[in-house]
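Biologist: I am new to this one. Please show me how to read it, feature by feature.

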Amino acid sequence: MSYNPFSLIGKTIVVTGASSGIGRQCAITCSKMGARVVLIARNEQRLSETLSEMEGDGHKLISADLTEFNKLNGIVEGIVAITGPIDGVVNCAGISATMPLKLMNDAIMDDFFKVNVLSAIELTRHICHIGHVRKEGASIVFLSSVMSVRGERGKSLYSMTKGALVSGVRSLATEYARRAIRFNCISPGAILTPINRDLPHMKNPEARAALEAKHLLGLGQTDDVANACVFLLSDASRWITGQNIIVDGGYTAI
Ligand SMILES: NC(=O)c1ccc[n+]([C@@H]2O[C@H](COP(=O)([O-])OP(=O)(O)OC[C@H]3O[C@@H](n4cnc5c(N)ncnc54)[C@H](OP(=O)(O)O)[C@@H]3O)[C@@H](O)[C@H]2O)c1
């Protein structure tokens, strides 16, 4: 049987945050589904560790700080020169914190919006230039969070950044539909990765148990999210754009 609408064979996929957690798993899973993957994050050693778990050939590692916006166009042009037009992007790079309003300041807020929103939008802007994406179309995925649609104490700043992505994809979908470039978010519930392992809700046993109880199917794993990303990157989702797909083990069902 060769029918597989979820295949990524022949596609070039850019994954940011590929040195850790969900982004690392997305890169690995995309390679197993046949894609050529461009992995971006700052830590070269950890990017190489991701690469060592991938299948197939022709993958490319780029060590870059995505908040250095003036370098992003050059990075995209460099990718396209090697791989040809891009078919999909998974914007995974992100930061998180549990921070009450009284501890926020403009520098912290600036940092969160730069990493979680602006870097992803800037990279996507350069990728969407004519000639940088395949003319038949492309799929752009942003990692949002259930915190975009639910509240928790200390999560307002993180939530605001993740909500911005959910709002953004709806209008971006309308702007780019004529070029068949699809924009969607995936909003995971809690998945144990380096982004949260030291945060109070994961470190404190009572808080962790309470959080687990809010996820009907227990806490998630990185491949639960990576598999949803593969769906959105593949031709199987060709009629889906402007959406926020929630992958949360039932957290938002309660
Ligand atoms: N884990 C969860 O429970 C969960 C739930 C909902 C949503 N999410 C979202 O899913 C995404 C991935 O989270 P994760 O759990 O996989 O986190 P993670 O393990 O901490 O990975 C974060 C990634 O972002 C990269 N990164 C951070 N700042 C960067 C910068 N300035 N430039 C380039 N890369 C940067 C890091 O790489 P370097 O340090 O090497 O640069 C790392 O690869 C995030 O957007 C997060 O908000 C996670």
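Modeller: Start with burial. Buried means under 20% relative accessible area, exposed means over 50%, and partly exposed lies in between, with a 1.4 Å probe and protein chains only. Here buried residues make up 50% of the 254 residues in the protein. This is a predicted model: local features need pLDDT of at least 70, side-chain atom pairs count only at pLDDT 80 or more, and totals for chains, interfaces and linings use all residues. Residues are numbered from 1 along each chain as its sequence is written, and side-chain values use heavy atoms, leaving out hydrogens and water.

Biologist: What radius of gyration does the protein have, and what would a compact globule have?

Modeller: The radius is taken over C-alpha atoms, and the globule rule is 2.2 Å times the number of residues to the power 0.38. For 254 residues, a compact globule would be near 18 Å; the protein has 17 Å, which agrees. Its C-alpha atoms fill a box of roughly 50 × 45 × 40 Å along the principal axes.

Biologist: How many helices and strands are there?

Modeller: Helices (H or I, at least four residues) and strands (E, at least two) are DSSP runs, numbered from the N terminus. The protein has eight helices and seven strands.

Biologist: Which residues of strand β1 lie on each side?

Modeller: In a regular strand the side chains alternate between the two faces of the sheet. In β1, T12, V14 and T16 are on one side, with I13 and V15 on the other. Both faces are covered. Five of the five residues in β1 (12-16) are buried.

Biologist: Which strands does β1 pair with?

Modeller: Two strands pair if DSSP finds at least two bridges between them. Five bridges join β1 to β2 (36-41), in parallel. Four join β1 to β4 (88-91), also in parallel. Take V15: its bridge partner in β2 is L39, and V90 stands opposite V15 in β4.

Biologist: Where is G242, and is that residue buried or exposed?

Modeller: G242 is in the loop between α8 (222-233) and β7 (244-247). G242 is buried, with a relative accessible area of 12%. The C-alpha atoms of G242 and I181 are separated by 10 Å, though these residues are 61 apart along the chain.
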